[in-house]
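Here are my notes for your first pass through this entry. Keep the viewer open and check each point as you read.

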Amino acid sequence: MEYYWICLWSVLGVGLCVPDDEHYTLHMNPLNFDKALEACLPASFLTKVTSMEEATKILKVIANMPSTEGTFEFWVGLRKEKLDCVKNDTPLKGFKWTVDSSSDTKLDQWKSLPIPTCTVIHCVFLSGEFNGTEIVNWGFVPSTCKTNRPFICKQRDENMPFMDQCLTPHILEARPLRPDPNNPHKLDLECLSGQLFKLTCSATTLKWKRDDGSAIDGICASCKAGYVRDGSGNCVDNDECRDQPCKGQCVNTEGSYLCKCRDKNGNLQDEGSVSCNELPVATFTPEGSDTYLVQDHTPTPKPTIQEGSIIIFLPDQPTPTSPTDDIEIVDKSGEQAKIFITVLIAVMTLVVLVVVVLATVKCCLRRRSQKLAMNTAEKMAVKRAEASKEKYSLENTNEKEAT
């Protein structure tokens with residue numbers, strides 16, 4: 001007769017073991033999926049449930065737990081990676097067992113089907129309802145991996161080589177892992193960025209490590225701004241000054257850089273400061289030197305430009321210290337003066353045009369008023385003449401009647 005053990009650990013740490021031909025441990029302390037994976041190592045792994053027989057054994061132990069009446073949820077070792085797609089026409093719906101990245105199963109028992117996606121990471125828990133007599137309405141349920149839940153671990157086979165017991169690493173921003181063709185105890189890792197790494201399984205922790213023994217956490221994750229990955233996969237400061245991004249002197253800092261110049265006194269100033277803006281463009285910076293060469297700032301007489309009756313004074317202009325100083329002096333003040341004169345002439349022309357238009361309008365209005373006045377006077381004269389004629393006719397009529 002074969003004997004086996006299913007071990008149930010309570011929150012108080014008290015173990016309750018039931019005979020079975022395989023070893024299980026039900027952990028009641030809730031953890032998220034990744035923490036549950038780590039908690040099972042190294043002697044066990046987050047369990048597979050690949051057959052009805054195995055599911056029946058686990059459900060039996062859950063039913064024998066004290067105070068378990070109602071709904072229960074336990075993480076099992078089933079997950080869909082970010083680049084994998086949900087396939088509802090397969091038993092595991094595109095999910096894989098984390099212990100060996102396989103999809104082998106004889107069980108297709110889903111309580112809730114996963115939503116079709118190829119871009120979201122999902123994990124699976126075993127859910128059911130215990131009515132006090134039996135467990136009903138049980139099956140797999142997809143979920144976010146960040147929720148804390150109890151979980152089920154399965155003990156590893158002591159006779160299995162440790163290489164076969166290493167948990168397949170979950171690495172973001174990486175292509176599927178491939179066995180090293182020259183060494184069956186190593187894996188080839190290729191990040192989406194194109195970097196390549198060799199991974200080796202640790203016999204003590206049953207975890208995959210880099211060849212140098214360092215952890216693989218975040219090995220392919222993008223570095224924050226200002227950092228790049230070195231040959232070992234570590235994020236290190238990027239020396240932006242190698243690309244000469246500044247007009248003046250570049251100073252590399254942790255994760256960034258500063259643009260500087262030297263003022264007239266030789267002190268470093270920010271490139272955008274007033275002191276830097278007053279300086280001409282430097283000729284060159286000798287390699288290996290921390291001194292930034294600038295031009296001599298000896299003041300020169302102020303040249304003038306006479307434009308009619310307007311005199312424009314130009315500011316001081318720096319003079320090259322030697323014929324070899326190949327710096328072109330641009331008389332920006334002269335250009336500004338020409339622009340000012342052009343604008344002034346345009347404004348004066350506009351004013352003259354406005355005055356001419358106003359004078360023309362005024363003249364027209366005056367002529368119209370005079371014409372109206374003349375027309376009015378003529379009408380009045382006609383009316384007076386007609387009135388006089390009527391009066392004369394009336395007087396003649398009266399004289400005739402009197403005689």
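1. **Start with a strand pair.** β3 and β9 run antiparallel to each other, joined over 5 bridges. One place to look is L31, which stands opposite R149 in β9. Bear in mind throughout that this is a predicted model.

2. **A second partner.** β9 also pairs with β4. The sense is antiparallel here too, over 3 bridges. Look for L46: its bridge partner in β9 is C153.

3. **The nonpolar core.** The largest nonpolar core has 27 residues. Which members touch the most others? They are V49, I62, L78 and F140. Several elements each supply at least two residues: β3 (24–31), α2, β5 (70–80), β7 (122–130) and β8 (135–143). Helix α2 gives the largest share, 5 residues. As background, nonpolar side chains in soluble globular proteins tend to be buried together.

4. **L78 close up.** Pick out L78 and set aside its neighbours within four places in sequence. What is L78 in contact with? The list is F33, L92, F95, K96, W97, W110, C123 and V124.

5. **T50, in a loop.** T50 sits between β4 (44–46) and α2 (52–64). Is T50 buried or exposed? Its relative accessibility is 18%, and the cut-off for buried is under 20%, so T50 counts as buried. Beyond four places in sequence, T50 is in contact with W97, D104, T105, K106 and L107. W97 is also among the contacts of L78.

6. **V274, in a helix.** V274 belongs to helix α4, residues 274–277. Its relative accessibility is 59%; exposed means over 50%, so V274 counts as exposed. D263 is 11 residues away along the chain, and the C-alpha atoms of V274 and D263 are 9.6 Å apart.

7. The average pLDDT of the chain is 76, and 74% of the residues score at least 70. Where does pLDDT stay under 50? One stretch is residues 1–21, where the model has 46 contacts beyond four places in sequence. Another is residues 282–331, with 67 such contacts.

Definitions and conventions: Residues are numbered from 1 along each chain as its sequence is written. This is a predicted model: local features need pLDDT of at least 70, side-chain atom pairs count only at pLDDT 80 or more; totals for chains, interfaces and linings use all residues. Side-chain values use heavy atoms; hydrogens and water are left out. Helices (H or I, at least four residues) and strands (E, at least two) are DSSP runs, numbered from the N terminus. Buried means under 20% relative accessible area, exposed over 50%, partly exposed in between (1.4 Å probe, protein chains only). Contact means heavy atoms within 4.5 Å. A nonpolar core is a set of buried Ala, Val, Leu, Ile, Met, Phe, Trp, Tyr and Cys residues joined through side-chain atoms within 4.5 Å. Two strands pair if DSSP finds at least two bridges between them. pLDDT is the predictor's confidence in each residue, from 0 to 100.
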